[in-house]
Structure formats: structure tokens, C-alpha cells
Amino acid sequence: MKDGLDLRHDVQDAQLVDRRHENIGRCDALLLELRENAPPRIAAMLIGGPARSERIGRWMTALRRLVPGHTRAPEGGVSRIPFAAVRSIGNTIELDVLRDDLPSEHLEQWLARNVICRIPGAESKKESKS
Amino acid sequence: MSREVALHHLLGRAVLDPHGRKVGRVEELRAEIELHEHGNDYVVTEFHIGSFGAVESLAGPYFARMLLHHLGRLVPYRGHVIPWNRMDLRDPRHPRTLDTLEQLRAEQDRA
């Protein structure tokens, strides 16, 4: 792992992969813990549409609320991953998590179940993959 | 007591000195690994403050300076590296340095 990090350049918006090297999105927000008489600590990273839309603006947050499935998403569809779960930082950031366990994958899974699988031919693709 | 702030809420914020004069905008935060008994943490060691703010965020200081020169504006670039213990983040929306603008400039000239 690198000794020094430029947080905006190296971490924010960096591509994240899980322990199986599957893409799990980008680092949409980075949370810093401000402490008394100690340097700010990198506490966690957030992945998911709501974290990204908050960066863009209120109008984007409002627009996002219109997406079906949004209200049923666990933890608001945001994955909070402690920075201690970072395994390595390079061109991508490898995290010690599994993609399927992340709440931010809820919308993608919902789309796969309710939209993609209903497209003719999608089911056979799925079968041939497995 | 500790609290959390998102990095994107700090980036681009105007930083003032103790007299209320603008030093620049937060452009980058440098973090380094800190080893302790219970494991490792990344902690912020430096705040990079610059006069080009958002432009540098997009393109880097060299490109930003060149761009402004080509636009016909003679704007000297001023960048400061502030150690974490010289920044006052009690109100993260209004970050302040503990050093005055003169002290920071003297430090920059020495470097």
C-alpha cells in the first residue's frame, strides 16, 4: 500500500473492486473523522447513488427519489465501508468486501431482476454463464 | 469528541487566516499511514491551499496558471501547504489557518 495519499487525486472517485476483483463502483464520498488534538482520520468511504447525488446538488437528490425501488433499498442504497477494509491502493482500490453484500448494489440487483431478466434472451444468457 | 465530515465538503472551501483574510481554497488533502497498537489508520497530515481553487481541482496548478496567462490575466499563483495542526476545523464550513497570511508567505518564500 502507498505511504502517502492525495485524497482528492488518489481516492475520491477511484474505481473500487471487491476481494474477487469485481467492480463495485467508485468512491462517491470519503468521510473524515475530525478529532480533538489529533489529525483527521479517514474513517470510511461511501458508495452509491445517494452519496453521489448529494455531491451534485439538491436537485439531483430530488430527482433520485423518483427512481422506483429507492425507498426499499437497505440503508438508503449507500454502502459505508470502513477505510480499514482497504487492501491495496493502485490504479484501483481493492476492498475486503463482497459485492453482493453491499446495499449500494440494491438498485442494480433490482434492475437485473425486474428489467434485464425480462428482456427476451436474457435468461438464456444467464444460464449459459452459470 | 469526534465528528465526521465528507471530503467533498472541505474541497474548494475558502480558507481564512486569523484576521479574516482569504488564504486560498482547499485543493488537496495529503494523508499518511499512522501505525498504532490496534492497527493502521490513514490520517490527514497536510492541507494544500491554493489561489486557483476549483480550476486547479480540475486541471492541476501548471495547467491552471497557463490557462490564466493565455486568457491575458496576470495572476500569480500562491499555494500553501498547511500542516494539520495549523488548521482550525472546528467549523468545517469555514476552515481557518492558525498562521497569518504574512507568516504563510514568509514560509513559502523560505521554501
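Predicted model: local features only at pLDDT ≥ 70, side-chain atom pairs only at ≥ 80, totals over all residues.
Residues are numbered from 1 along each chain as its sequence is written, and chains are lettered from A and ligands numbered from 1 in the order in which they are written.

Helices (H or I, at least four residues) and strands (E, at least two) are DSSP runs, numbered from the N terminus. In chain B there are four helices and seven strands, in the order β-α-β-β-β-α-α-β-β-β-α from the N terminus on. A residue is termed buried if 20 or more other C-beta atoms lie within 10 Å of its own, exposed if 12 or fewer, and partly exposed in between, with C-beta atoms placed from the backbone. Chain B has 111 residues, of which 24% count as buried. Two residues are in contact if their C-beta atoms, placed from the backbone, lie within 7 Å. Among the contacts in chain B between residues at least 6 apart in sequence, 50% join residues at least 24 apart.

The contact between the chains takes 24 residues from chain A and 25 residues from chain B. On the side of chain A that touches chain B, two or more residues come from each of β1 (4–6), α1 (7–11), β4 (29–35) and β5 (38–47). The largest share, seven residues, is that of β4(A). By class, this side of chain A has 13 nonpolar, three polar and eight charged residues; Ala, Val, Leu, Ile, Met, Phe, Trp, Tyr, Cys and Pro count as nonpolar, Asp, Glu, Lys and Arg as charged, and the others, Gly among them, as polar.

Strands are taken to pair if DSSP finds at least two bridges between them. β4(A) is joined by four bridges to β1 (residues 3–6) of chain B, and the two strands run antiparallel. Glu33(A) has Glu4(B) as its bridge partner, and Leu34(A) stands opposite Arg3(B). Within chain A, β4(A) also pairs with β5(A), in the antiparallel sense over six bridges; here Leu32(A) has Ile42(A) as its bridge partner.

The hairpin of β4(A) and β5(A) has two residues between the strands, and Asn37(A) takes a positive phi near 55° there. Asn37(A) counts as exposed because 5 other C-beta atoms lie within 10 Å. His21(A), in the loop between β2 (15–17) and β3 (23–26) of chain A, is not a glycine but has a positive phi of about 65°. With 8 C-beta neighbours inside 10 Å, His21(A) is exposed.

A nonpolar core is a set of buried Ala, Val, Leu, Ile, Met, Phe, Trp, Tyr and Cys residues joined through C-beta atoms within 7 Å. The largest such core has 36 residues, and those with the most contacts inside it are Leu7(A), Cys27(A), Leu30(A), Met45(A), Ile47(A), Leu7(B) and Ala31(B). At least two of its residues are supplied by each of α1, β4, β5 and β8 (93–95) of chain A and α1 (7–10), β3 (22–36) and β4 (39–50) of chain B. Not counting residues up to four places away in sequence, Ala31(B) touches residues including Leu5(A), Leu7(A), Ile42(A) and Tyr42(B).

In helix α2 (residues 49–56) of chain A, the buried residues are Gly49(A), Pro50(A), Ala51(A) and Arg52(A). These residues pack against β4, β5, α3 (58–64) and α4 (106–114) of chain A. Just after α2(A), Gly57(A) takes a positive phi of about 155°.
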